[in-house]
Amino acid sequence: MLFIYFFTFFAFVSGDSYNWSDLDIPFEHAIYFFTNNPSIHTQCLLDGDQCPYYKQAQNLPSADTACWGYEPNCKTNASLIQCPDDSRGWTTTKEKQISEFWRTADFGYIAEKRNELREICSPSPSSSLECVDHLKFCRAKNIYIDFRHTETSKYHDRYREDILKFGDIGGYCKLNHDDLIKNGDHKSPLQSWFSELQVFKEINETNSFHCDLTITKPTILIKLDSGYNMYHHFCDFINLYVSQHMNNTFTKDIQIILWDTSSNDYWSFFSPTWNAFTSNRLIHIKEFEGKRVCFQNVIFSFLARMFYGFYYNMPLIPGCTQTSLFRSFQQYLVHRLRIPQLGPLKSNQIRITLLNRTTQFRQILNVNEIVDHLRNISTNGNNDYIINVVDYNINMPFIQQLNITHNTDIFMGMHGAGLTHLLFLPDWAAIFEIHNCEDKDCYLDLARLRGVKYYTWENEEKAYPQDEGKHPTLGTPHKKFTNYAFDKHEFTRIVRKMVKYVKEHSAYRSAKRLKYSLPTLHIDQHNAKPNKDEF
């Protein structure tokens, strides 16, 4: 008989104290965490100074204000959203526009998905399975998965949908088979877990199942998009973060398992990002081949290419910007990856980073001319900005790249996945997609989600493509597959607008005032060394 005792996702270490090192959340997130975890709030008060969030625990606001927005009684939803522009027919009122942006692009999405959660296999007595509509996200307790027939070692296809046969996954619970099957309408490798769960088997008293391995740590199963492209891989990471909120799971002592049906090893230049989610090594399901594995607590994570998901297939309502969800995602990663903010500079100079592509296409042909002109203008004028030209290639470690980006006030670059770095910009920053190559919404929408000001080239008569560009496989004209030169005076005009925007931003002024009005300059941030320009 399959019978595994239930363990909760939050476990206390031996004795009465909570293992605070496994939590490791930003201080500004602590009040929300304590609202959703009252027992851990109590433990923090009992631990006193041993709890790093003791100050926040002592001064916890009421539950209807210290909340993310998806909690039932929360009054602070949509608190950051701004909708200064028209919705272009999506809604009839400003209130509906704000509400729709919050529902689809902010913590309102989680509120909606939490309301969708329902039992697919009801506890009877030890196992359970509950999912949202279309099986985009599920969570289960005390289930098994039989990997004896997966044959991952024989294939290179990462997204096989037939590796589990009927009965290769199941639990000791009462299955609602009709409800399970009717939610198969989004069946696709990166949109749903239907392929894996459609063969779920209900185990009863007469059945028995032997586990070769039992995983007791809280576990997250995830199917990955492309690990070679920052834009696509960060779709994986934002959906993993959304899944953590869905399940109220923020401890780093979790097990992440890559549902990759091939024999290929996982490699990604962006793999240091996993350190923000787990202190344990990633496991590939090929390690389970030939074994029957039982899971005490397991999440089937939101996926990167869901219909109306984050952020690849997201139809974003026009006119709005700045979500609490993407801002907290940035804070979460910056904190856990130990990326310090060393600005704003005391000199009041704006830090500009120009991402200079050295790939085959979308190079800036006159980049030296433009940079020299910008530097001359600054030196001979107010000296109000400094420019750093970078090439974010494989020779520069990803964490080093994030340190540069996070300490940038204006980030500039041609259309391409490198602009995904805008997620790590400070709140007051501006992003300049120098030329969008007729893909006008991709990074505009990402900037709106993050809440940084977006700029792009405004006068096509002053942009000079090398040729018409041809798609490498179709052979048809395509703006992405060529290189460009730009009028240096027009470029400078746009930069000056951005400098003005940053200097007038309330968050920039507030951060500078907070940093330099203190009696002593304290930059302890994880042993970071201040730049000489800060003084």
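Visitor: Where do R493 and E490 lie, and how many residues apart?
Guide: R493 and E490 both lie in helix α13, 3 residues apart, which is about one turn of the helix. Helices (H or I, at least four residues) and strands (E, at least two) are DSSP runs, numbered from the N terminus.

Visitor: Before we go on, what kind of model is this?
Guide: This is a predicted model: local features need pLDDT of at least 70, side-chain atom pairs count only at pLDDT 80 or more, and totals for chains, interfaces and linings use all residues. Residues are numbered from 1 along each chain as its sequence is written, and side-chain values use heavy atoms, with hydrogens and water left out.

Visitor: Back to R493 and E490. What do their side chains form?
Guide: They meet in a salt bridge, 2.7 Å from N to O. A salt bridge is a side-chain nitrogen of Lys or Arg within 4 Å of a carboxyl oxygen of Asp or Glu.

Visitor: Is E490 buried or exposed?
Guide: E490 is buried, at 6% relative accessible area. Buried means under 20%, exposed over 50%, and partly exposed in between (1.4 Å probe, protein chains only). R493 has 36% and counts as partly exposed.

Visitor: And what does R493 form with E458?
Guide: A salt bridge as well, at 2.6 Å from N to O. R493 is in helix α13 (residues 488–504) and E458 is in the loop between β16 (453–456) and β17 (463–465), so this pair ties together parts 35 residues apart in sequence.

Visitor: How many salt bridges does the structure hold?
Guide: It holds 32. One of them joins E287 to R281, with the closest N and O atoms 2.8 Å apart. R281 counts as exposed, because its relative accessibility is 54%, while E287 is partly exposed at 34%.

Visitor: New topic. Where is Q244, and what does it touch?
Guide: Q244 is in helix α8 (residues 230–247). Leaving out residues up to four places away in sequence, Q244 touches T249, F250, F277 and Y332. Contact here means heavy atoms within 4.5 Å.

Visitor: Which of these makes a polar contact with the Q244 side chain?
Guide: The side chain of Y332, at 3.1 Å. A polar contact is a pair of N or O atoms within 3.5 Å; within protein, one must be able to donate a hydrogen and the other to accept it, and residues adjacent in sequence count only if both atoms are side-chain atoms.

Visitor: Buried or exposed, that Q244?
Guide: Q244 is buried, with a relative accessible area of 1%.
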